[in-house]
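Please keep the sequence and the structure in view while reading.

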Amino acid sequence: MRFERPGLALILGFVVAVSACGSVLVAPTDAGQDGSAVACRQLGEAACRSRSDCAVGGCAPCAGVSGPGPITCYDPAREPGPICPEIACPAPCAGLDEASCRARTDCRADACPSCSGNGAQGFVRCASASDPIFACILLPCPAPCAAATTKEACEARPDCHSVFVDNRDCQCAALGCCARFSRCAAGATAVCKAPPITCDAIAPTCEGPYVLAYSDSCFEGCVQSSDCAPTAEP
């Protein structure tokens with residue numbers, strides 16, 4: 001059988017063109033392994049977690065700092081995880097003294113009522129600003145020293161000392177024999193070293209076993225010398 005040459009050339013060209021269609025090369029892309037056209041590093045946290053070929057990485061914040069650290073989405077098959085910088089984190093609030101605690105804006109100084117009265121409170125701990133408020137336990141406070149109305153009751157209190165007055169109106173010859181119990185003052189010891197006096201009171205007369213004591217830059221009264229607080233040698 002004979003074929004015309006032009007017809008044969010046309011048929012051969014068509015066959016070659018059809019076979020070449022199956023071998024077209026496609027340039028590689030930065031798409032995800034699941035076929036998505038968006039790279040992992042371009043995704044937010046929620047979208048990153050929904051992709052099987054992506055992973056969420058982040059750097060931990062300092063202890064006590066609220067909120068997560070920076071989030072990074074990456075392809076673990078082709079990319080390293082996030083490199084976290086070294087951050088100088090502040091010392092934790094727990095364990096700080098009162099002054100250091102109050103100087104920190106991220107810490108809170110917790111205090112509880114003390115037995116000194118006048119609404120005074122004592123520092124109990126330094127806590128983080130987000131910690132629960134400390135539950136204070138109401139301790140039974142001792143009665144004030146002034147509640148002791150006799151020398152015996154006052155001397156029985158280790159946190160009090162007796163104050164005496166000597167009006168020198170009795171008939172006795174020994175020095176200090178006219179002194180009588182006046183009141184019970186706060187403090188295990190008395191201040192017997194004279195501070196700068198700012199009051200206009202007259203200094204009491206103290207003789208014999210009694211010496212002059214001071215309180216709040218004024219005269220407290222006469223106390224037994226054995227109740228004086230020790231003073232440093234000059």
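How many bridges join β5 to β6, and do these strands run parallel or antiparallel? β5 and β6 run antiparallel and are joined by six bridges. The model is a predicted one, and it holds ten salt bridges. Side chains of opposite charge can pair when their charged atoms come close.

**Strands β5 and β6**

- Serine 162 has cysteine 184, in β6, as its bridge partner.
- Five of the six residues of β5 are buried, so this strand is mostly covered under the cut-off of under 20% relative accessible area.

**Glutamate 98 and arginine 102**

- A salt bridge connects the side chains of glutamate 98 and arginine 102, with an N to O distance of 3.2 Å.
- Both residues belong to helix α3 (residues 98-102); because they are four residues apart there, about one helical turn separates them.
- Glutamate 98 is partly exposed at a relative accessible area of 34%, whereas arginine 102 counts as exposed at 53% relative accessibility.

**Arginine 125 and aspartate 110**

- The side chains of arginine 125 and aspartate 110 form a salt bridge of 2.8 Å, N to O.
- Because arginine 125 lies in strand β4 (residues 121-128) and aspartate 110 in strand β3 (residues 107-113), this pair ties together parts that are 15 residues apart in sequence.
- Aspartate 110 is buried, with a relative accessible area of 6%, while arginine 125 is partly exposed, with 28%.

**Glutamate 207 and arginine 168**

- In the salt bridge between glutamate 207 and arginine 168, the closest N and O atoms are 3.5 Å apart.
- This pair links distant parts of the chain, 39 residues apart: glutamate 207 is in the loop between β6 (180-186) and β7 (210-215), and arginine 168 is in the loop between β5 (160-165) and β6.
- Arginine 168 counts as exposed at 54% relative accessibility, whereas glutamate 207 is partly exposed, with a relative accessible area of 21%.

Conventions
Residues are numbered from 1 along each chain as its sequence is written. This is a predicted model: local features need pLDDT of at least 70, side-chain atom pairs count only at pLDDT 80 or more; totals for chains, interfaces and linings use all residues. Side-chain values use heavy atoms; hydrogens and water are left out. A salt bridge is a side-chain nitrogen of Lys or Arg within 4 Å of a carboxyl oxygen of Asp or Glu. Helices (H or I, at least four residues) and strands (E, at least two) are DSSP runs, numbered from the N terminus. Buried means under 20% relative accessible area, exposed over 50%, partly exposed in between (1.4 Å probe, protein chains only). Two strands pair if DSSP finds at least two bridges between them.
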